[in-house]
Amino acid sequence: MNRVEFQALAVERLSDADALLKAGRHACAYYIAGYAVECALKACIARKTNQDDFPPRDAARYYVHDISRLLEGAGLGPVLEKEAGQDPVFERNWIAVKDWTEETRYQSRGQKQAEEILTAINDPQHGVLQWLRRNW
């Protein structure tokens, strides 16, 4: 996959999460919202490669479902710290997103948790996706 495909997939997964939330499928909405962030981070990683392609399979450190590791792989840790230091709303939004893992598919999540992660990602001025878009 390439950068543009990951960008489109991030937006599509976020739309899926919104639809799941509206349908009362809170655990699924939470889970899919995390994948939107994962795809956006992978778009950021792809931006750093030749032709904006995602790194080859032998680059195993990028083939994970771990927000923190993907953030590191994208080289965005210091950028995130700076943004969070300047914008406390963004910092709260990042805190709501950063602990998502692929393992959440096995966990029950309520409406409040699903709404919280989606709000944190979607916030038009301080949201995680808005910030990632500036870096992808």
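**Note on helix packing and salt bridges**

1. Helix α1 (residues 3-22) packs on helix α2 at an angle of about 165 degrees, and their axes are 8 Å apart. That makes α1 roughly antiparallel to α2. The rule is this: angles under 35 degrees count as roughly parallel, over 145 as roughly antiparallel, 65 to 115 as roughly perpendicular, and the rest as oblique. Axes are lines fitted to C-alpha atoms, for helices over the stretch in contact, and angles run from 0 to 180 degrees between N-to-C directions. Helices are DSSP runs (H or I, at least four residues), numbered from the N terminus.

2. A word on the source. This is a predicted model, in which local features need pLDDT of at least 70 and side-chain atom pairs count only at pLDDT 80 or more, while totals for chains, interfaces and linings use all residues. Residues are numbered from 1 along each chain as its sequence is written, and side-chain values use heavy atoms, with hydrogens and water left out.

3. Back to α1 and α2. Their crossing is left-handed, meaning that the near helix is turned anticlockwise from the far one by less than a right angle. On the α1 side, the contact (heavy atoms within 4.5 Å) includes Phe 6, Leu 9, Ala 10, Leu 14 and Ala 17. On the α2 side, Ala 29, Ile 32, Ala 33, Ala 36 and Ala 40 are among the residues taking part. By class, the contact of α1 with α2 has 16 nonpolar, two polar and five charged residues. Ala, Val, Leu, Ile, Met, Phe, Trp, Tyr, Cys and Pro count as nonpolar, Asp, Glu, Lys and Arg as charged, and the others, Gly among them, as polar.

4. Now the second pair. Helix α2 (residues 26-47) and helix α6 (residues 111-122) have axes that come within 8 Å and cross at roughly 25 degrees. That makes α2 roughly parallel to α6. This crossing is left-handed. From α2, His 26, Ala 29, Tyr 30, Ala 33, Gly 34 and Val 37 meet α6 residues that include Ala 114, Ile 117 and Leu 118. The contact of α2 with α6 has eight nonpolar, four polar and no charged residues.

5. Look at His 26. Is this residue buried or exposed? His 26 counts as buried, at 19% relative accessibility. Buried means under 20% relative accessible area, exposed over 50%, and partly exposed in between (1.4 Å probe, protein chains only). His 26 lies in helix α2. Leaving out residues up to four places away in sequence, His 26 touches Leu 21, Arg 109, Gly 110, Gln 111 and Ala 114.

6. How many salt bridges are there in the whole structure? A search finds five. A salt bridge is a side-chain nitrogen of Lys or Arg within 4 Å of a carboxyl oxygen of Asp or Glu. One of them joins Arg 13 and Asp 16 (2.8 Å, N to O). These two are three residues apart in helix α1, so about one helical turn separates them. Arg 13 is partly exposed at 24%, and Asp 16 is partly exposed at 30%.

7. Another salt bridge pairs Glu 83 with Arg 134 (3.2 Å, N to O). Glu 83 sits in helix α4 (residues 77-86), while Arg 134 is in the segment after α7 (128-133), and the pair is 51 residues apart. Arg 134 is partly exposed, at 49% relative accessibility.

8. Asp 99 and Lys 98 also form a salt bridge (3.0 Å, N to O). Asp 99 counts as exposed at 52%, and Lys 98 is partly exposed at 30%. Elsewhere, salt bridges that share partners join Glu 12, Arg 13 and Asp 16 into one network.
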